[in-house]
Amino acid sequence: MYLAKINYKKENVVQVLSSIIKDVIDENTVIVCIGTDRAIGDALGPLVGTMLKNSDFKYPVYGTLDNPIHALNIYESIEHIKKSHPKGNFLAIDACLGSKTSIGNIQIREGPILPGKGVGKKLPQIGNYSIVGIVDKIDENNRFSFNSIRLSFILELAEIISLSLLLST
């Protein structure tokens, strides 16, 4: 179920997102940022994680540029996170593919993220809630068109999501 769908260019995007996030976080919240900085389009999660860590965010944050959670380590990472936070209210953050008209939308959903789904991978899901940024369209091969995604766009999405999380606490 979608709690929010809003384009990052909307004037009140941070206020809309932070007001919804306020309703889903609690004292057991754990932020899990998925992705890798080896592909610009997939760097959204680690950028958000790094921004939150650098801002002394009050909840635990996993998945940063220095220690990303990606396809090669996701099983061990999720197992470690769930063991470390048995009562965790997990809020997962990831980049996502969607329709061309949805690019730039930030969505908050009840339920987990399905990492790798947009590129045909079956990886473990994580999250009681999830925040995704739609960074590119799905092409006929279900792959990111890596050369068309601008770092400035991913950075702007990451800043909006990070600020929304910071303002919600």
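Predicted model: local features only at pLDDT ≥ 70, side-chain atom pairs only at ≥ 80, totals over all residues.
Strands of a sheet pair through backbone hydrogen bonds, in either a parallel or an antiparallel sense. Strand β5 (residues 105–110) runs antiparallel to β6 (residues 129–137), and 5 bridges join the two. Within β6, S130 is the residue that stands opposite R109.

## Strand β4 and its partners

Strand β4 runs parallel to β6, to which it is joined by 8 bridges. The bridge partner of A92 in β6 is S130. Strand β4 also pairs with β2 in the parallel sense, over 5 bridges. In that pairing, C33 has I93 of β4 as its bridge partner.

Strand β4 is mostly covered, with 10 of its 10 residues buried. In a regular strand the side chains alternate between the two faces of the sheet. Both faces of β4 are covered.

## Cysteines

A search of the whole structure finds 0 disulfides. C33 is in no disulfide, and the nearest cysteine sulfur to its own, that of C96, is 15 Å away. For C96, the closest cysteine sulfur is in C33, and the distance of 15 Å is too far for a bond. C33 is buried, because its relative accessible area of 0% falls under the 20% cut-off.

## Helix α2 and its packing against α4

The axes of helix α2 (residues 44–54) and α4 come within 9 Å and cross at roughly 45°. That angle makes α2 oblique to α4. The crossing of the two helices is right-handed. On the α2 side, the contact is made by L44, L47, V48, M51 and L52. The residues contributed by α4 are I154, L155, L157, A158, E159, I161, S162, L165 and L166.

Helix α2 is mostly covered, as 9 of its 11 residues are buried. The buried residues are L44, G45, P46, L47, V48, G49, T50, M51 and L52. The elements that cover them include β2, β3, β4, β6 and α4. After α2 comes D56, whose phi is positive, near 55°.

## The loop between β3 and α3

N67 lies in the loop between β3 and α3 (74–84). N67 is exposed, because its relative accessible area of 56% is over the 50% cut-off. N67 and I108 are 41 residues apart along the chain, and their C-alpha atoms are separated by 24 Å.

How values were computed:
Residues numbered from 1 in each chain as written. Heavy atoms only, no water. Pairing = 2+ DSSP bridges. Helix = DSSP H or I, 4+ residues; strand = E, 2+ residues; numbered from the N terminus. Disulfide = S-S within 2.5 Å. Buried < 20%, exposed > 50% of the residue type's maximum accessible area, 1.4 Å probe, protein only. Axes fitted to C-alpha atoms, helices over the stretch in contact; angles between N-to-C directions. Parallel < 35°, antiparallel > 145°, perpendicular 65-115°, else oblique. Left-handed = near helix turned anticlockwise from the far one by under 90°. Contact = heavy atoms within 4.5 Å.
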